[in-house]
Amino acid sequence: MTDDQAPAPRGQRPPGLLRLLAEDLRTIVERDPSVLDRKEALLHPVLPALWLHRVAHRLHRRGRRLTARLLMLLARAVTGVEIHPGAVLGRRVFVDHGAAVVIGETAVVGDDVTIYHQVTLGAVGWWRDNLRPDGERRHPVIGARVVLGAGATVLGPVRVGDDAVIGARALVVGDVPAGARALAPLGTVSEPRDRAVQARPAPLPDERNGSMNPDSTVLIVGATDETVRKAKELGLSVLLLQHPTKVNAEQESLADVLRVLDYTDWAAVEPVARELREEPGFRVAVSITEPGLENAGRINDLFGLGGTGYEVTRLFRDKLAMRRHLAGLDPSAVAAAPLLRRGDLDAFAAAHGYPFIVKPTDATASIGVFRVAGPEDAERVWVTVEGLRGTRTDRVSTMYLLQDFFMEEYVEGPEFSVEAFSFAGRHVVVAITEKFGHHDSFAELGHAVPARLAEPEQERIRAAVTRFLDQIGLRDGVTHTEVRLGARGPVIIESHNRIAGDMIPELVRAAYGIDMIEYALGWPFGLVPELPDRPEAHAGACVRSLVSEPGRVESVEGVADAAARDGVLDVRVTAKPGDTVHAVRDNWDRLGLVAVTGPDTTEAIHRGERIAGEAIRIRVAGEDGRTWLARVAEVRSLTEAPA
């Protein structure tokens, strides 16, 4: 048997068309228990697709490609099944339900194969297939008696051996031996949990039997799946407060106790915290996600648990409060003032000159940050700020409203972030991260570790961040601090007592072998060792982003291909067909991120650009009908200051 035909056994002539059509009808009766006889089989939703393909395939092989295409276009319209007329289907192929089945041009399907709905027998992508020699197969070969479960995807010129089973939702990109099984992970079934916040809910089984030790139990205020998973891997019992819009099945199954509530609302959190403190009890409250930080601090204060309390957390969260606090300790600190009315912009300019910065007191991801370059910008910025107050912006779902804005002096110079961990007042700078910005906004378009800085500059940044953490009062835990290296030396722009975003923790783990999430969860329980004063990187790592001019996303391809490339840590593409693409204003206008590692920082930067540019294809259409591909955002030299 060759890849493009399925001949009859030796000594037998291929079955005629009418015999194949009759066999298809009989197969439906034999293998679909909902069909009782041949008359009913004539109404089977997939039969028209199979019969039309039998005809179209013959026309296709005789060179009548347009007629064959028209027949299969009709089949798709009637049945929802898309089979290219060039595909080879064996005898007695049974397609159950059939909705959204896709079979590509050079695919070969053996005899007695069973295909469930939403199965794809596809190619890996046009950008790779266009490089193949003419006539080379691009799609899978499926052996005899194979079962392809609902939602299974088999990509590329791979072979699936006879009698193999491809499970529901499985993704196959390599050969499958005869008789083997390729199965996707099974869903985890958890017992129903009480999601209502009650004054005294009935105790859960673990609470009743007293199996949780309070000394090894953590109360986590807001969490990603990864955070809960790592807490369990450390051997901790987890009490989780999760927002109704964020909870999911994995968190339900992992958490020992789950309470679903608005964890940003202290009035809702306090009674639940008191109840959980009494039974089953917990050692400390932790959050490494922005909205949960303040109430985790309040819980620690309420019960005298140590850890980072509310007042220290508030100085991190409220950027104007941080500026005022630092001004009281250092007369040369960056000047700042609240923005309450239009005249405040002119007054701040008169006192401190242009340019200066306007930004929210407690937002993240560069949302709502503006540079006022001169008097001509003041009115525009004021109108924009007033439009943002009381909103969550038009780009991102956040649990906080944008309310208060303030002004601060502009610091010119390259920007870095500093990932640090504090051990009872000893601050360890784990990594200095090089940041790549947009030419006319404050959007972050890339990150690289370790930063390519001379040792004297590194030491100045370390000293500035250590001094800042002492001034702010932080003694334990993870921090992410943004620093500008300006004319007056390193200047703190803002800081957070949580892990960084944009996959920076993944970069740190790849370059230094240090897991910042594991440290944030494990240090309060003594489960991780203290780090040395100067951790050494053994590799480089980088995040590159994809951006585009304004338009609308038409298609997204190549994500799986990018993720499979050597050195790739993670690929996160947020763009979906139909999405509106904005000009880049902040981090939420990026279309995707690719994180990679390399022998050093420079090589990682180049690898990230190469992989993101070669593998990922996000096609965008403009209002004028033109289409183009999103591009890899350029990285800017460290010597350049943001515009």
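Predicted model: local features only at pLDDT ≥ 70, side-chain atom pairs only at ≥ 80, totals over all residues.
Colleague: Start with α1 and α3. At what angle do their axes cross?

Modeller: Roughly 160°. The axes of α1 (residues 17-31) and α3 (residues 47-61) come within 10 Å. Angles over 145 degrees count as roughly antiparallel, so α1 is roughly antiparallel to α3.

Colleague: Is the crossing left-handed or right-handed?

Modeller: The crossing of α1 and α3 is right-handed.

Colleague: Which residues make the contact?

Modeller: From α1, L17, L20, L21, D24, L25 and I28. From α3, L47, L50, W51, R54, V55 and R58. By class, that contact has 9 nonpolar residues, 3 charged and no polar.

Colleague: Which of them lie nearest its centre?

Modeller: G122, A123, G125, H139 and E557.

Colleague: And which elements give two or more residues to that lining?

Modeller: Helices α4 (65-79), α5 (126-129) and α18 (559-563), plus strands β1 (82-83), β4 (102-103) and β7 (120-122). The lining splits into 16 nonpolar, 9 charged and 8 polar residues.

Colleague: Now cavities. How many of 30 Å³ or more turn up?

Modeller: The search of the whole structure finds 1. The largest cavity has a volume of about 40 Å³.

Colleague: What lines it?

Modeller: E419, V478, T479, I499, A500, I504, P505, V508 and M516 line the largest cavity. Of these, 7 are nonpolar, 1 is polar and 1 is charged.

Colleague: Which element gives the most to that lining?

Modeller: α16, with 3 residues. Strand β26 (477-486) also gives two or more.

How values were computed:
Residues numbered from 1 in each chain as written. Heavy atoms only, no water. Axes fitted to C-alpha atoms, helices over the stretch in contact; angles between N-to-C directions. Helix = DSSP H or I, 4+ residues; strand = E, 2+ residues; numbered from the N terminus. Parallel < 35°, antiparallel > 145°, perpendicular 65-115°, else oblique. Left-handed = near helix turned anticlockwise from the far one by under 90°. Contact = heavy atoms within 4.5 Å. Nonpolar A, V, L, I, M, F, W, Y, C, P; charged D, E, K, R; others polar. 1 Å grid on protein atoms, 1.4 Å probe; cavity = no way out; pocket = protein on both sides within 12 Å on 5 of 7 lines; lining within 4 Å. Points joined across faces, edges and corners; volume = space filled by probe spheres on them.
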